[in-house]
Amino acid sequence: MLKSFLNNARPGFAPAAASLALVLLATAPALAGGYMSGSTHTFFDSIIEWIGLAGMDDEAVDVFGAALLVFAVFFGYFSNLAMREHGLGAVLNGLVGAAGICVLLHFALPRLPLLRGVSDEMRFSLALIVAAAGAPLFLLAASLFKKIAMRQINRVLIRVGTPARPQPIQREPGFAPRVAAVVRKKT
């Protein structure tokens, strides 16, 4: 029954999760203004600083956050369609993809200015290529870790569910026939 419910509820879940994410994105400045002074974003400020884009203004942070969330929703949905049971589900696929983008940008952006003879437009294009490569790479790594973990868990569960090994048949020790007959009578 639960399996049929999940199969029927899945098509409506991805747009509902996307709507919730967009509502949270829209309310983030209001919530941050209520809790922290001087910041209009709750979560994206720390991500922006970690990536290395600390000089961005609030509008750019809004655009980056919206683009990241929209990408996560679409990437999660379509990668779930492609990977099915090998993936992590639509929502987790999207979150892992967004995390992959942030991690690869964190490592790539400080190195892009080191390229000599490259224009700013080319650096921006390279940053987009690196970001686009981060999502599937991290999803592939996460699905590989999932497969390894599930294999280990299944090995443990198989051992738990199997009956004990049969004990070898007990035989009489190699005594002389007269001694063996006495031992048989006593036991």
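**Notebook: a predicted helical model**

pLDDT is the predictor's confidence in each residue, from 0 to 100. Over the protein the mean is 76, and 74% of residues reach 70 or more.

I noted the ground rules. Residues are numbered from 1 along each chain as its sequence is written, and side-chain values use heavy atoms, with hydrogens and water left out. As the model is predicted, local features need pLDDT of at least 70 and side-chain atom pairs count only at pLDDT 80 or more, while totals for chains, interfaces and linings use all residues.

**Overall make-up**

I looked up the secondary structure and found 6 helices and 0 strands. Along the sequence the pattern reads α-α-α-α-α-α. Helices (H or I, at least four residues) and strands (E, at least two) are DSSP runs, numbered from the N terminus.

Next came burial. Of the 187 residues, 23% count as buried. Buried means under 20% relative accessible area, exposed over 50%, and partly exposed in between (1.4 Å probe, protein chains only).

I checked contacts, meaning heavy atoms within 4.5 Å. Among those with a separation of 6 or more, 53% join residues 24 or more positions apart.

The protein exposes about 13900 Å², and carbon and sulfur atoms supply 69% of that. Areas come from the Shrake-Rupley method with a 1.4 Å probe; for residues, only the protein chains shown count as cover.

**Helix H2 and what follows**

I listed the buried residues of helix H2 (residues 44–51): Phe44, Ile47, Ile48 and Ile51. They lie on the same side of H2, because they cover an arc of only 100 degrees around its axis. The arc is that of the directions from the helix axis to the C-beta atoms. Gly52 follows H2, and its phi is positive, near 115 degrees.

**Helix H3**

Asp58 belongs to helix H3. I have Asp58 down as partly exposed, at 39% relative accessible area.

At 33% relative accessibility, Val70 is partly exposed. I found Val70 in a nonpolar surface patch with Phe74, Tyr77, Phe78 and Leu81, about 470 Å² of accessible area together. Patch residues have over 30% relative accessible area and no salt bridge; like charges are joined within 9 Å, nonpolar side chains (Val, Leu, Ile, Met, Phe, Trp, Tyr) within 5 Å. A salt bridge is a side-chain nitrogen of Lys or Arg within 4 Å of a carboxyl oxygen of Asp or Glu.
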